[in-house]
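Subject: Structure handover

Hello,

Here is the structure for you to look over. My notes follow below it.

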Amino acid sequence: MAYDLLIHDDRVTHRRLAVLAGPSRLDTIEAVVGELPNGSVAASVARLCDASLLQRTGRTYRQLDLIRDHAREQLANSDDTPGVTDRFLGRSEEHTSELQ
């Protein structure tokens, strides 16, 4: 699988994206992924698109279901779950407030 060839930051981004079920803009992805050890989230997203692990349509990005399933497995086997969940919930609350 292409995942095995990814650099560390891209593996982190891949698994953290598992919490996003649908298309998301880069600002949402950056908020959910958080900081990366060695680079920017935008650069990591671009590399994941190049590796066909993330699809870009206009201004949004998404993982295919099969790829997101793999990312969920990787997330479950990492120490990232609490932080990613907190960032995702925080971002969801921001969007809910904006809609009210």
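Gly34 comes directly after helix α2 and has a positive phi, near 75°. Please keep in mind that this is a predicted model.

Now to α2 itself, which spans residues 26-33. Which of its residues are buried? They are Thr28, Ile29, Val32 and Val33. Around the axis these four cover an arc of only 120°, so they sit on the same side of α2.

Ser52 has a phi of about 60°, and Ser52 is not a glycine. Where does Ser52 lie? Its place is the loop between α3 (41-50) and β2 (55-57). Is Ser52 buried or exposed? Its relative accessible area is 55%. The cut-off for exposed is over 50%, so Ser52 counts as exposed.

Next, the sheet. It is open, has 3 strands and runs in the order β1-β3-β2, with antiparallel pairing. β1 (24-25) and β2 stand at the edges. Each has a single partner strand, so one side of each has no neighbour in the sheet. In general, strands of a sheet pair through backbone hydrogen bonds, either parallel or antiparallel. Here β1 and β3 (residues 60-62) run antiparallel and are joined by 2 bridges. Across that pairing, Ser24 stands opposite Tyr61 in β3.

Best wishes

Key: Residues are numbered from 1 along each chain as its sequence is written. This is a predicted model: local features need pLDDT of at least 70, side-chain atom pairs count only at pLDDT 80 or more; totals for chains, interfaces and linings use all residues. Side-chain values use heavy atoms; hydrogens and water are left out. Buried means under 20% relative accessible area, exposed over 50%, partly exposed in between (1.4 Å probe, protein chains only). The arc is that of the directions from the helix axis to the C-beta atoms. Two strands pair if DSSP finds at least two bridges between them.
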